[in-house]
Amino acid sequence: MERVKVRYSENIEEAISRIEREVMREESLAKLGSRWIAIKLLEGDEEVRARVASSKFANKILKVASEERERLRRAYGLDPEVVLANERYKIIEEIVSKVTKGTKRVTPTDLIDKVILDKYLGIPIFFTILWAIFEFTMEVSSPFCDFLGDFFNWISSHLSGLTGNPMLDSLLFGDYGLLNGLGTVLSFVPLIFFLYFSLAILEDSGYMARAAFVMDRLMRKVGLTGRAMISMIVGFGCNVPAVYSTRAIPGEEDRLVATIINPLIPCSARLTVFSLLAYTFFKGVAGDVILSLYLIGIALALIVSLIFRRVYLKGRTSPFVMELPLYQLPTLKSILLHTWNRTALFIRKAGTVILAGLLAVSVLMHIAWPSLAWINDVNASVIAEMGKAIWPLFKPLGWDWRLTASCIFGFIAKEVIIGSMSLLYGVSEANMATKLSSLYTPLQIYSFMVFTLIYIPCIATVAAIAHERGWKWALFTVLYGLALAYVVALLIYLGGSALGFR
Amino acid sequence: MGFFNLAKLVSLYVYFIGLLYLFYGFIGLIDGIISWWTPWSVNLQAGFSLAGTLIPSVKADPFRGFVLVVIGLIFVKGGRYLIKGKPDSWGYLTVGLIISGTVAGLNLAITLAHLLDKLYPPLLGLKVNDLHNLMKEGWLTDPGLILFPLALIGYLTYRKIKPL
């Protein structure tokens with residue numbers, strides 16, 4: 001078979017030749033293929049740059065490569081990676097037209113993409129799809145969540161007095177007991193199931209890649225690559241795999257930005273908190289209120305990225321080159337399989353991390369401070385003292401010590417917040433709405449939800465960030481999250497109060 | 001009716017459906033913005049009364065209104081392309097129908113969910129919740145549900161006269 005040498009347009013060939021001449025001076029590099037290395041340097045390939053950087057003539061080679069990249073950028077008005085990819089596609093089309101007969105048939109994917117990727121309609125369609133996901137997740141899962149809430153309440157009332165030991169009985173089945181807290185968390189399994197069900201449809205249909213493509217233009221303006229959108233959508237499920245998914249983003253700086261903004265994307269664990277509170281305080285528009293929190297999360301992620309890019313990482317965002325898959329009609333079996341695998345993880349987490357967190361909360365609620373005696377009065381417990389100690393800091397947000405205390409344990413896992421609330425107020429999920437609405441106003445709770453949305457990521461996410469970017473960045477993410485959460489929640493509370501909202 | 005006339009009629013029909021989505025979308029959007037984010041509240045409606053129920057009845061919800069506006073824009077652009085005889089119209093009609101179908105399906109699913117919410121308590125020996133009038137919740141009379149069958153008719157007629 002004849003070997004075909006891909007020839008680019010004159011301008012690009014000129015750039016390749018100039019870099020190639022420098023590369024050939026270094027024998028070890030020339031052995032790898034001087035033309036290939038020149039092309040990779042023009043494309044800004046990091047691995048090849050690192051390999052070249054260790055050579056004798058590194059400075060000269062990289063200087064010439066950088067000059068040629070800049071020259072091409074000016075000549076084409078595009079990043080050299082995109083220019084080279086376009087040229088290769090042109091060559092592919094020429095070859096295909098020579099070896100195939102007839103005209104290219106327009107596929108349904110081509111026609112649908114004209115709309116989905118439309119310059120003006122693409123982003124509104126993306127937000128429409130997000131809205132549909134949250135309406136579906138929130139509204140349709142609600143009877144199943146309510147059923148489980150009532151079910152755990154029923155079990156709790158039937159098991160009360162089972163152990164014969166009042167201390168153990170109170171710890172396990174009492175109003176401030178473990179089953180109450182765990183039942184509240186588990187009653188949100190349907191919510192998680194419906195969310196993952198919707199996300200699986202998006203993934204399997206081929207839309208996820210389009211969402212990244214559509215958002216690329218907007219995200220580029222704030223120094224993010226469109227690929228970061230994929231990790232952000234993964235973050236709707238869980239921030240841990242989302243942080244790891246940033247590995248697919250080319251460019252060290254782009255990866256770093258995508259990683260540190262990811263915790264601002266509300267995960268399914270935070271959705272359980274939002275769901276409980278939104279249904280209590282914003283009945284009828286709960287789905288919209290939750291969507292507004294997601295939009296705040298996305299907007300803050302973009303703003304943080306913009307500031308970070310302007311102040312710290314001033315380099316250019318790497319271009320977004322991606323082959324879009326064909327649209328597929330997702331099969332029910334595959335969607336259910338994806339959904340179940342992820343929901344099972346949530347249930348496992350409830351039986352391990354969340355259970356341990358709630359056990360700690362429950363024990364601390366039964367121990368008096370400073371006598372350390374076993375008590376049944378939550379107001380005199382260690383946890384109450386902890387909440388009251390830091391409460392003055394959160395008083396400007398309109399919170400009481402109970403809301404403050406419930407946030408402390410959210411660091412273990414965000415689901416622990418609702419479990420803790422259930423324990424702190426001594427009510428199950430089924431009776432939570434009545435209790436909370438008698439204590440707080442919608443504005444106080446909205447400010448609390450916004451704080452929960454932004455503040456410290458859970459411990460597993462912090463560990464994932466540390467694993468990927470180091471402890472320095474993990475700590476930075478925790479600190480900026482806390483500060484940002486406080487400021488935004490305060491602004492919402494004060495601004496809302498000034499405008500007359502309650 | 002000849003092929004040409006039917007095609008033209010379908011094009012105008014799709015365009016009109018798009019305008020209806022836009023109209024009801026803007027009502028919901030404006031009503032929602034005023035009711036949600038200002039101290040005032042308005043109840044903009046443009047439906048007819050059937051046995052005391054307003055059909056369609058628009059929810060004051062800026063997000064839902066926005067979604068209807070997006071569907072409207074897709075159908076309007078699709079209808080315009082149909083009138084001009086552009087092949088791209090197929091994509092606009094299909095995407096418009098998928099999204100409008102999703103919104104209509106969502107309305108039905110939410111109604112069913114709310115019905116379930118009222119019916120499950122006896123399983124746990126609890127009191128049956130009030131089976132209130134589901135029509136009053138507005139999901140079954142929402143323009144997102146009412147307009148979908150009309151859009152489907154336009155799409156199916158178009159596919160019949162012009163298969164991909």
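# Close-up views of a predicted two-chain model

**View 1. Chain A as a whole.** Of the 502 residues in chain A, 49% count as buried (20 or more other C-beta atoms within 10 Å of a residue's own; 12 or fewer make it exposed, anything in between partly exposed, with C-beta atoms placed from the backbone). This is a predicted model, in which local features need pLDDT of at least 70, side-chain atom pairs count only at pLDDT 80 or more, and totals for chains, interfaces and linings use all residues. Residues are numbered from 1 along each chain as its sequence is written, while chains are lettered from A and ligands numbered from 1 in the order in which they are written. Chain A has 24 helices and zero strands (DSSP runs numbered from the N terminus: H or I of at least four residues for helices, E of at least two for strands). Its C-alpha trace spans about 85 × 50 × 50 Å along the principal axes of chain A. Among contacts in chain A with a separation of 6 or more, 71% are between residues 24 or more positions apart; two residues are in contact if their C-beta atoms, placed from the backbone, lie within 7 Å.

**View 2. Chain B as a whole.** Here you will find four helices and two strands, arranged along the sequence of chain B as α-β-β-α-α-α. The C-alpha trace of chain B spans about 60 × 40 × 30 Å along its principal axes, and 41% of the 164 residues of chain B count as buried. The average pLDDT of chain B is 87, and 91% of the residues score at least 70; pLDDT is the predictor's confidence in each residue, from 0 to 100. For the model, the scores are ipTM 0.93 and pTM 0.81.

**View 3. Where chain A touches chain B.** Chain A brings 28 residues to the contact and chain B brings 27 residues. On the side of chain A, the elements giving two or more residues are helix 6 (108-116), helix 7 (122-159) and helix 16 (286-311). Helix 7 of chain A supplies the largest share, 16 residues. By class, this side of chain A has 19 nonpolar, three polar and six charged residues (nonpolar: Ala, Val, Leu, Ile, Met, Phe, Trp, Tyr, Cys and Pro; charged: Asp, Glu, Lys and Arg; polar: the others, Gly among them).

**View 4. Helix 6 of chain A and its partners.** The buried residues of helix 6 of chain A are L111(A), I112(A), D113(A), K114(A), V115(A) and I116(A). They pack against helix 7 and helix 11 (207-221) of chain A, together with helix 2 (62-84) and helix 3 of chain B.

**View 5. The largest nonpolar core.** A nonpolar core is a set of buried Ala, Val, Leu, Ile, Met, Phe, Trp, Tyr and Cys residues joined through C-beta atoms within 7 Å. The largest one has 174 residues, of which M229(A), I290(A), A301(A), M449(A), V450(A), I71(B) and I74(B) touch the most other members. Helix 7 of chain A gives the most to this core, with 14 residues. Take a look at V450(A): leaving aside neighbours within four places in sequence, V450(A) is in contact with L293(A), I296(A), V488(A), A489(A) and I492(A). A second, separate core of 18 residues includes I12(A), I16(A), L42(A) and V83(A).

**View 6. Helix 3 and helix 4 of chain B.** Helix 3 (residues 89-119) and helix 4 (residues 143-161) of chain B pack at an angle of about 145 degrees, with their axes 9 Å apart. These axes are lines fitted to C-alpha atoms over the stretch in contact, and angles run from 0 to 180 degrees between N-to-C directions. Among the residues that meet are L93(B), G96(B) and L97(B) in helix 3 of chain B and G144(B), L145(B) and F148(B) in helix 4 of chain B. The residues of this contact divide into 12 nonpolar, five polar and no charged. I153(B) is also found in helix 4 of chain B; I153(B) is partly exposed, with 14 other C-beta atoms within 10 Å.

View 7. The peptide bond from W369(A) to P370(A) is cis, with omega near 5 degrees, and P370(A) lies in the loop between helix 17 (332-366) and helix 18 (382-394) of chain A. L372(A) is placed in the loop between helix 17 and helix 18 of chain A, and has a positive phi near 65 degrees in a residue other than glycine. L372(A) counts as exposed because it has 9 C-beta neighbours inside 10 Å. In chain B, the peptide bond from I55(B) to P56(B) is cis, with omega near -15 degrees, and P56(B) lies in the loop between strand 2 (53-55) and helix 2.
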